[in-house]
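Keep the sequence and the model open while reading.

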Amino acid sequence: MSVSWQFFADAGKTVPLASLPVAVSTFGGEQSGIVYFGSNAEGRLLQAAFDPGGEPIEIEVYDADSAAGLAATAVRLALSAGGLDGALPGNPVTIGTSISSATVIAVHYRITVPLMAEAIYSDVQLRTSSVIEVDA
């Protein structure tokens, strides 16, 4: 079953985002940014598939190609820029138990890039824990 929630590059939910593209120089370093999680559907709720409305929904980092590119442990997630300092690399962020489609959630990220071949890597993605979408 598909859901209407997805990740966007903008708070207006007009530019869908499939991955976190990371430009890597041979020197490594850090890159920070914000992605937005929301739905363009009206009158909908997002809940955890297990214990809807009781179990928290999480956003996690997923490494689509573990043999190459960046590891999920290179990414820290938080609900604020200040929260990134205390976030553990690779850990999910909890966004609530029931989310209205009228809500847009800003997810801050910091990617610590090791020394590696200069390129743009797009194997690191964000995804939610198992969820369902219901009428509000």
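## Terms and basis

Contact, or touching, means heavy atoms within 4.5 Å. The model is predicted, so local features need pLDDT of at least 70 and side-chain atom pairs count only at pLDDT 80 or more, while totals for chains, interfaces and linings use all residues. Residues are numbered from 1 along each chain as its sequence is written, and side-chain values use heavy atoms, with hydrogens and water left out.

## The open sheet

Three strands build an open, antiparallel sheet, ordered β7-β5-β11. Strands here are DSSP runs (E, at least two residues), numbered from the N terminus. Two strands pair if DSSP finds at least two bridges between them. The edges are β7 (93-96) and β11 (124-128), each pairing on one side only. Neighbouring strands are turned by 30° against each other on average, direction ignored. The axes behind that angle are lines fitted to C-alpha atoms, and angles run from 0 to 180 degrees between N-to-C directions.

β5 covers residues 57-63 and pairs with β11 over five bridges, in the antiparallel sense. Isoleucine 59 stands opposite threonine 128 of β11.

## The nonpolar core

A nonpolar core is a set of buried Ala, Val, Leu, Ile, Met, Phe, Trp, Tyr and Cys residues joined through side-chain atoms within 4.5 Å. Buried means under 20% relative accessible area, exposed over 50%, and partly exposed in between (1.4 Å probe, protein chains only). The largest core holds 27 residues; Phe37, Ile59, Leu77, Ile95, Ile111 and Leu126 touch the most other members. Elements giving two or more residues include β3 (29-38), β4 (44-48) and β6 (75-78). β9 gives the most, with five residues.

What does isoleucine 95 touch, not counting residues up to four places away in sequence? Its partners are Phe37, Ile57, Ile59, Leu79 and Ile105.

## Arginine 110

Arginine 110 is found in β9 (residues 105-113). Its relative accessibility is 14%, so it counts as buried. Its side chain makes a polar contact of 3.0 Å with the side chain of aspartate 85. A polar contact is a pair of N or O atoms within 3.5 Å; within protein, one must be able to donate a hydrogen and the other to accept it, and residues adjacent in sequence count only if both atoms are side-chain atoms. Beyond four places in sequence, arginine 110 contacts residues including Glu30, Ala74, Arg76 and Leu84.

## Threonine 14

Threonine 14 is found in the loop between β1 (6-8) and β2 (22-24). Is it buried or exposed? At 59% relative accessibility, threonine 14 counts as exposed. A 2.5 Å polar contact joins its side chain to that of aspartate 10.

Methods: Helices (H or I, at least four residues) and strands (E, at least two) are DSSP runs, numbered from the N terminus.
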